Structure formats: C-alpha cells, structure tokens
Amino acid sequence: MLSGRRLDLLDPSPFDIEIEDIAHGLARVARWNGQTIGEHAFSVAQHSCVVEEIAAHIQPGLDPKWRLAALLHDASEYVIGDMISPFKSALGMNYKAFEARLEHAIHVRFGLPPKSPVAIKTLIKKADRACAFFEATQLAGFGRTESLKLFGAPPPGYDLVIDPLPAAVAQARYLERYRVLGQAVGILAPTDAWHTE
C-alpha cells in the first residue's frame, strides 16, 4: 500500500489497514467498470459517500457508527477492485469468504463489529441499490423502466444528480466523511484531521 503497509490478503490484519489507503484506492476504482458517460469515472469513493447519505435519508437519526459502516460498505474494493455481482456469484463461495475476511478486518480496524446486524446490512443494501438506480439512469445508459426493474425505486423524497468527481476530489471527500463520522463515533479526537495515527 502507498502508506507502506503490507496487507496479507489471505489473512488480513486490522493493523495493516489505513483509511488513507482505502480512500486513495476507492477514488481510483470506477463503478460500472468505467463504462459511464462523462470526463471522469464515477468512483467507488464517491459512490460510498452517496450510499452513506442515502442510508441516513432512509433512516433519519441513524447512529454514526452505522453511517460509518455505510461509508465503508465497499472498502474491501480498495484492494480487490469493483467486481460486478454476477461475476462475484460465478466465482462462488471462496471469493465471498475472501471478501468477508477483508471486510471483517476493516470493520475491526475502525471500531465496528466484524459483522453488521442484519437490519443494518439490509439498510445499506437498500441505499446501495438506490445509488445504483441513479448511476444506471444518469451515467450507464439504462432507461428508467429497466433501472426500476433491476434496482427498485429510490427512497421517497430523495433525489440525486450525479456529477462524477476527479479522483483527488473524491478521495478528499471520502476522507472528510470519515473524519466527521470518526469523530462522532469517538475513534478520532475532535482536533484530529483524517489521519488515524
């Protein structure tokens, strides 16, 4: 990793995971494998910020630790990239187990339970699908009818106009959301910048 950490992918340690590495990687991983319109790819970092926002819209008053879980919901992709769901399924349980080990290490690193409660996982999935609806219709060439069939309707009262950001801007926004949520959860002091050292 750019931080100098060495991450064992088969046995990831929470001690080898840094938010700077996650933000840097996710800002450079393109959703839809980059098959989107616009000058910039829609990054997983920007997607993650939107999913956190949608989760809080769906469930007002959502505890900051679960908002942090929403922000980190795709954090494993900083190492393994953004793989489309049908391909993940085709790879089978070994891939899912690998991804789960990395997700557990990330959660532990940032003070979250290794596994989120079912209700939180369901909420984050709903927010993730809502974001995918907007991405599909605005960036990936899907019609509204097709997107509704694939992803369902976005939550009532929530609308989004997507403007894909340059990688450096997406990275900075992701780190800023982490800083705000980390302070709210108590894993960062109020005077801390986004650095976790």
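A pocket is an open set of grid points with protein on both sides within 12 Å along at least five of seven lines, and its lining residues have an atom within 4 Å of a point. The model is predicted.

**Exercise 1. Describe the lining of the second largest pocket.**

Step 1. Start with the volume: about 290 Å³.

Step 2. Count the lining: 16 residues. Nearest the centre lie Q46, C49, V50, E53 and R173.

Step 3. Assign elements. Two or more lining residues come from each of α2 (44–58) and α9 (167–185). The largest contribution is from α2, with five residues.

Step 4. Sort by class. The lining holds nine nonpolar, six charged and one polar residue.

**Exercise 2. Classify the packing of α2 against helix α7 (residues 118–138).**

Step 1. Two packed helices are described by the angle between their axes and the distance between the axes.

Step 2. Read the values. For α2 and α7, the angle is about 120 degrees and the axes are 8 Å apart.

Step 3. Apply the cut-offs. Roughly perpendicular covers 65 to 115 degrees, and roughly antiparallel means over 145. The α2 and α7 pair is therefore oblique.

Step 4. The crossing of α2 past α7 is right-handed.

**Exercise 3. Decide how far helix α1 (residues 19–26) is enclosed.**

Step 1. List the buried residues of α1. They are I19, E20, D21, I22, A23, G25 and L26.

Step 2. Conclude. Seven of the eight residues of α1 are buried, so the rest of the structure largely encloses this helix.

Note on methods: Residues are numbered from 1 along each chain as its sequence is written. This is a predicted model: local features need pLDDT of at least 70, side-chain atom pairs count only at pLDDT 80 or more; totals for chains, interfaces and linings use all residues. Side-chain values use heavy atoms; hydrogens and water are left out. On a 1 Å grid over the protein atoms alone, a cavity is a set of points where a 1.4 Å probe fits but cannot get out, and a pocket is an open set with protein on both sides within 12 Å along at least five of seven lines; lining residues have an atom within 4 Å of a point. Grid points are joined across faces, edges and corners, and a volume is the space filled by probe spheres set on the points. Helices (H or I, at least four residues) and strands (E, at least two) are DSSP runs, numbered from the N terminus. Ala, Val, Leu, Ile, Met, Phe, Trp, Tyr, Cys and Pro count as nonpolar, Asp, Glu, Lys and Arg as charged, and the others, Gly among them, as polar. Buried means under 20% relative accessible area, exposed over 50%, partly exposed in between (1.4 Å probe, protein chains only). Axes are lines fitted to C-alpha atoms, for helices over the stretch in contact, and angles run from 0 to 180 degrees between N-to-C directions. Angles under 35 degrees count as roughly parallel, over 145 as roughly antiparallel, 65 to 115 as roughly perpendicular and the rest as oblique. A crossing is left-handed if the near helix is turned anticlockwise from the far one by less than a right angle, and right-handed if clockwise.
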